[in-house]
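Dear colleague,

Please find the structure below, handed over for your records.

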Amino acid sequence: MALKALDIYKILPKKNCKECGDPTCLTFAMKLASGKADVDLCPHLDDSAKSLLGATTRPPIRLIKIGVGERSFAVGEEFVLYRHDKTFYHPPGILFKVLDTQSDEEIASVTKRVRDEIFTRIGTDLRFNGIAIENSSGSAEKFAQAVATVEENADLPLVLISKNFEAFNEALVQVGSYQPLIHAATMENFREMCAIVKKHNCPLVIKAYGLEEFIVLAKSCSEEGVKKLVMDLCPQSLGDYIMLSTAVRQLAITRAVPDLGYPVYFDAANSQLQDAAIALGIIKYASIIITPPLPVASAKAALTLRQNIYTDPQKPIQMNPGLYRVGAPGKDAPVLMTVNFSLTFFTLEGYLESSRIPCFLLIVDTEGLSVLTSVAAGKLNETLVHDSIKKFDVENEVSHKTLIIPGYSAPLSGRIEEVTGWKVMVGPRDAAEIGKYLQEEWKKQ
Ligand code: SF4
């Protein structure tokens with residue numbers, strides 16, 4: 001049973017020494033109670049207190065950070081099996097794989113693509129996360145050369161994949177301080193692999209066949225002092241992946257088997273149905289997804305799906321309220337008001353751009369609700385419109401006082417006119433009609 005903050009506080013050393021990063025033991029206890037801190041952060045707890053607290057307070061899936069610097073990312077620390085139960089917090093890192101048998105030019109080109117490529121969707125920049133370098137040549141020297149080529153071209157999170165200890169040692173001399181993810185430790189080699197990753201404080205992938213073997217391997221690595229683990233489930237098919245990843249997630253989330261509480265690694269490059277494999281990884285709990293460089297259509301599909309799955313279903317995606325310009329509007333340009341639900345904004349903006357009529361778009365704060373919902377909930381009202389006109393200084397941007405409001409907010413038109421003193425025109429209900437509306441109604445008034 002989960003402990004409450006005060007019960008946890010009673011077990012803590014009460015030194016208030018701040019070494020855990022919190023100002024007092026009580027604040028640390030509160031974080032532990034909400035699963036936002038790891039018990040290992042307090043160096044003054046003895047082993048029995050650590051295991052008692054760890055079993056009840058640690059996030060059921062550990063948070064693992066890959067890489068350092070601006071592009072580093074964290075995975076794990078998830079709390080639910082289904083997104084609609086709460087939300088998924090840490091989107092999977094998707095990394096493009098290169099082989100050390102490829103030419104320097106090919107490796108550099110993939111690296112630069114991951115470094116520079118950005119897709120913008122509903123106001124958010126979507127990117128791939130890093131590069132996985134596989135030692136397919138078996139040569140330590142070639143591996144080190146491939147790693148050097150990647151490193152020369154970008155500061156990106158890395159996954160290093162090899163079966164050769166020497167290859168890891170040589171590569172980590174160059175990039176060990178970037179804390180790449182190392183693939184992989186098995187039952188046969190975990191002592192040597194743990195020694196390698198401990199030197200550089202890198203996270204480690206463990207690779208096993210069957211959940212029992214994972215439990216033994218995770219415990220063994222933990223006893224060797226390596227706790228930053230990621231699990232490669234080695235699925236034989238996509239169906240096998242769904243079965244394994246769901247079982248692992250279920251056993252970890254319910255804390256039935258805490259030794260399975262690590263993020264999952266999934267190499268979609270091994271599947272013939274690559275796009276389907278990536279989609280499955282995103283939906284079914286993969287935290288690290290490895291893929292060959294994707295064509296643009298597949299790349300956009302993968303990043304869009306990841307964005308959709310890893311948004312909070314309880315919070316509509318919102319725009320910042322404000323006065324936006326479409327084109328280069330002058331003083332006589334129309335002013336259109338709408339809500340800050342992102343999809344409304346981007347849909348309307350797209351239609352306005354294609355109408356080629358420069359205008360102002362006044363976005364008011366309805367906490368991300370759509371027009372219809374915010375009118376019904378009373379969030380969109382005459383006071384909000386009045387305050388937004390004042391706050392964003394709309395009167396000084398244009399030489400007229402005419403406001404176009406969305407068709408679904410027509411019942412508010414009279415009150416908006418009364419409170420703001422602006423003439424209100426009721427626009428169409430469907431954003432697709434806005435170009436025609438501006439041509440016919442705005443221009444003739
Ligand atoms: S490190 Fe431990 S003893 Fe020190 S403030 Fe944090 S919880 Fe308290």
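Pro406 is buried, since 26 other C-beta atoms lie within 10 Å. Here a residue is called buried if 20 or more other C-beta atoms lie within 10 Å of its own, exposed if 12 or fewer, and partly exposed in between, with C-beta atoms placed from the backbone. Not counting residues up to four places away in sequence, Pro406 touches Thr338, Val371 and Gly427, where contact requires C-beta atoms, placed from the backbone, to lie within 7 Å. Asn308 is 98 residues from Pro406 along the chain, and their C-alpha atoms are separated by 26 Å.

Two remarks on provenance are needed. This is a predicted model, in which local features need pLDDT of at least 70 and side-chain atom pairs count only at pLDDT 80 or more, while totals for chains, interfaces and linings use all residues. Residues are numbered from 1 along each chain as its sequence is written.

Overall organisation

The chain has 445 residues, of which 39% are buried. Its secondary structure comes to 16 helices and 17 strands, and its C-alpha trace spans about 80 × 60 × 40 Å along the principal axes. Among contacts between residues at least 6 apart in sequence, 62% join residues at least 24 apart. The chain is divided into domain 1 (5-46), domain 2 (64-309) and domain 3 (322-442); these bounds come from an automatic or database domain assignment. Taken over C-alpha atoms, the centres of domain 1 and domain 2 are 31 Å apart.

Nonpolar cores

The largest nonpolar core has 79 residues, and Ile131, Leu204 and Ile206 have the most contacts inside it. Such a core is a set of buried Ala, Val, Leu, Ile, Met, Phe, Trp, Tyr and Cys residues joined through C-beta atoms within 7 Å. Leaving aside neighbours within four places in sequence, the contacts of Ile131 include Leu95, Phe96, Val110, Val150 and Leu158.

Strand E8 (residues 181-185) is largely enclosed by the rest of the structure, because 5 of its 5 residues are buried. It pairs with strand E7 (residues 158-161) in the parallel sense over 3 bridges; pairing requires that DSSP find at least two bridges between the strands. Within E8, His183 is the bridge partner of Ile161.

His183 is itself buried, with 26 other C-beta atoms within 10 Å. Leaving aside neighbours within four places in sequence, His183 is in contact with Val159, Leu160, Ile161, Val205 and Asp232. His183 and Ala132 are 51 residues apart in sequence, and 9.7 Å separate their C-alpha atoms. What kind of peptide bond joins His183 and Ala184? The bond is cis, with omega about 10°. Ala184, like His183, belongs to strand E8.

Of the 13 residues around the ligand, Lys15, Cys17, Cys20, Cys25 and Cys42 come nearest; a residue is near a molecule if its C-beta atom, placed from the backbone, lies within 6 Å of it. By class, this shell has 7 nonpolar, 2 polar and 4 charged residues. In this scheme Ala, Val, Leu, Ile, Met, Phe, Trp, Tyr, Cys and Pro count as nonpolar, Asp, Glu, Lys and Arg as charged, and the others, Gly among them, as polar.

Lys14 is located in the loop between helix H1 (5-11) and helix H2 (25-33), and Asn16 also lies in the loop between H1 and H2. Most residues other than glycine have a negative phi. Phi of Lys14, however, is near 60°, and Asn16 has a positive phi of about 50°. Lys14 counts as partly exposed, with 13 C-beta neighbours inside 10 Å, and Asn16 likewise counts as partly exposed, with 14.

An exposed glycine

Gly210 is found in the loop between strand E9 (204-207) and helix H8 (211-223). Is Gly210 buried or exposed? Gly210 is exposed, because 11 other C-beta atoms lie within 10 Å. Its C-alpha atom is 8.4 Å from that of Leu244, 34 residues away in sequence.

With kind regards

Note on methods: Contact = placed C-beta atoms within 7 Å. Helix = DSSP H or I, 4+ residues; strand = E, 2+ residues; numbered from the N terminus.
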